[in-house]
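I set out to record what I looked up in this structure, entry by entry.

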Amino acid sequence: MSVDPRMTDPVSTDAPRTPATGRRIGGIPVTIGGVGAVVFSLAALFVVWRFGGGSVRFEIRETRDPSVAFDWGFVWAYTPDFLRALWVLIQATVGGFALAIVIGLVLALLRRAPVKLLSMPTAFFIEFVRSTPLLVQLFFLFFGLPRIGWIPESLRVWSSLATLIIALGFHYGAYCSEAYRAGIDSVPKGQWEAATALNLGTLATWAQVVLPQAIPNVLPALGNFLIASFKDAPLGASINVTCVLFFADTTASRTFASVELYTMLGLGFLAVSLPAAFLLRRLERRIGYERT
Amino acid sequence: MSAPEPTTGDTGTTPAVRMRGIDKAWGDNVVLRDLDLDVAPGERVVIIGPSGSGKTTILRVAMTLERPDDGTVEINGRHLYHEEKNGKLKPASEKHIRSVRSDVGMVFQHFNLFPHMSAVENIALAPVKVQGRDPEQARQQALELLEMVGLEKHANHTPGQLSGGQKQRVAIARSLATDPKVMLFDEVTSALDPELVGDVLEVLRDIAEDGKTTMMLVTHEMGFAREVADRLVMFDHGRVLEEGPPAQVLSDPKEQRTKDFLRAVLAH
């Protein structure tokens, strides 16, 4: 168990302390964390929108040695290409998920809006996105959207990677919004009533009271979605994102080394997913606080 | 207060709380029926009554935690749920409600402290976020309030590290921090272990002796009620059944219902 530094504070009141206004989660003030997530996802989106994201070309380096059951030399020769493709996949996942946690929160808040004109379409949108396959959404955004003439071209024609990031962002945003909703519902009614009794405004109630309690409850679910989105991101291969699956497909069709290539793929996913899951569990433990 | 003062009827002074014709029901379950209640500035009113008589609901209506189905509430002469426009009462905007509500504070049976904040942060939150005070100054004031409730040593403890009685004293300090003129106490000792009740009542006594704050208390502590209340109000079926000085109501109740209720409460 890591211990919150405030708990080990000597009780003397002049000990180092957090300012009365800044809520903290695991040492990071919530407001800074929230603003950081928004800025990061917008920056990721902008970079991809402006520069199209990294596209990698793969070349034939070596053919498979047919005399062995598993050609390690082949694996070794293609490892640099594989790593470049893995990097593209990680970019897509991180960019898409950064977008998803922001979109998810916005959707969760809109869905709770007291105005039906906002909450009803939001609920419909969430159900729609959750009920349609990511692959179909990808195809729509990549092949369908550019043909909708009345949308400005800069908003409808996206690079492969940008399309994947946007699709992951909305798809997992819809799932995340459900997780946020459960987290928000888990904050006891008495907390809202205390906020009313203290005459806190809407913004302060959310930022100071509700979200700092809801988000630690949401983190395990968000972590699962992060790993799930990493596993879904290779679908981008179908719209020519040069990720690992694209690399394995194109290389296998030229070298017929399917066993080696798809084994690399599996190991690559394992090498990223396992440490990520471990780090997430540690983060969850740090962020938990003692409940009353 | 700078607000325009509506006429207050026959008393001459503006009541701190004035309720007229309050109705509240959930489906067929009528909790408050055509209730009238006035509380004078600085007055300490203890509300007693059987469970389901509406005594907690009346506090929640005054705190805007429950909207009445009908009737009006005035806090220091300003309508809480209504705004006057062209001499007519219209449902109030959220902004108006917030402005009037700033005169009211409430302490809950189950404390409702914010578990992710230390005691001092709980207390300083509203002064900083609602009144826009300087954080350091608010913190100093929070520490003074903690000293007042005897918990200065626990300033940096989170609610999870405090006992029930300590939590409730922090909660009282928190609601005092914005200096509300009307304080509502909803069974604030009911969730506490018996040996912790005394400390909390001690703090309430201090507030009562100060005499500045109007207090409405729902409690089952009859000894405490006799000691601090200016007036005891007996609720039954969503109405005021009987009221008067505590000594008179407790020792010589007029209504049979009150007698039965007091016998049941005082039996243990």
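The entries below follow the order in which I consulted the model, which is a predicted one.

**Entry 1. Chain A as a whole**

I began with the secondary structure of chain A and found 11 helices and 2 strands. Read from the N terminus, the elements follow the order α-β-β-α-α-α-α-α-α-α-α-α-α. I then looked up burial: of the 292 residues in chain A, 44% are buried.

**Entry 2. A nonpolar patch on chain A**

Which residues make the nonpolar surface patch of about 450 Å²? I noted A:Val106, A:Leu110, A:Val115, A:Leu117 and A:Leu118. Helix 3 (72–111) and helix 4 (116–131) of chain A are the elements that each give two or more residues to this patch. I checked A:Leu118 individually and placed it in helix 4 of chain A. Its relative accessibility is 41%, so A:Leu118 counts as partly exposed, since that class lies between 20% and 50%.

**Entry 3**

I stayed with helix 4 of chain A, where A:Arg130 and A:Glu127 are both located. Their side chains form a salt bridge, with an N to O distance of 3.9 Å. The two residues are 3 apart in the chain, about one turn of the helix. I recorded A:Arg130 as partly exposed at 28% relative accessible area, and A:Glu127 as partly exposed at 34%.

I looked up the count of salt bridges over all chains, which comes to 23.

B:Asp38 is partly exposed at 22% relative accessible area, and B:Arg20 is partly exposed at 28%.

I next turned to B:Arg60 and B:Glu66, a salt bridge in which the closest N and O atoms are 3.0 Å apart. Are these two partners buried or exposed? B:Arg60 has a relative accessible area of 11% and is therefore buried; B:Glu66, at 15%, also counts as buried. Salt bridges with shared partners join B:Arg60 and B:Glu66 with A:Lys189 and A:Glu193 in one network.

**Entry 3. Two helices of chain B**

I looked up how helix 3 (residues 119–129) and helix 5 (residues 164–176) of chain B are arranged. Their axes come within 8 Å and cross at roughly 25 degrees. Helix 3 of chain B is therefore roughly parallel to helix 5 of chain B, because angles under 35 degrees are classed in that way. I noted the crossing of these two helices as right-handed.

**Entry 4. Positive phi values outside glycine**

Lastly, I looked up backbone angles. A:Phe256 is not a glycine, yet its phi is positive, about 60 degrees. I located A:Phe256 in the loop between helix 10 (244–255) and helix 11 (258–287) of chain A. With 66% relative accessibility, A:Phe256 counts as exposed.

I also noted B:Asn76, a residue other than glycine with a positive phi near 50 degrees. B:Asn76 lies in the loop between strand 4 (70–75) and strand 5 (78–79) of chain B. Its relative accessibility is 14%, so B:Asn76 counts as buried.

Conventions: Residues numbered from 1 in each chain as written. Chains lettered and ligands numbered in written order. Predicted model: local features only at pLDDT ≥ 70, side-chain atom pairs only at ≥ 80, totals over all residues. Heavy atoms only, no water. Patch = residues over 30% accessible without salt bridge, like charges linked within 9 Å, V, L, I, M, F, W, Y side chains within 5 Å. Areas by Shrake-Rupley, 256 points an atom, 1.4 Å probe, with all protein chains shown as cover. Salt bridge = Lys/Arg side-chain N within 4 Å of Asp/Glu carboxyl O. Helix = DSSP H or I, 4+ residues; strand = E, 2+ residues; numbered from the N terminus. Buried < 20%, exposed > 50% of the residue type's maximum accessible area, 1.4 Å probe, protein only. Axes fitted to C-alpha atoms, helices over the stretch in contact; angles between N-to-C directions. Parallel < 35°, antiparallel > 145°, perpendicular 65-115°, else oblique. Left-handed = near helix turned anticlockwise from the far one by under 90°.
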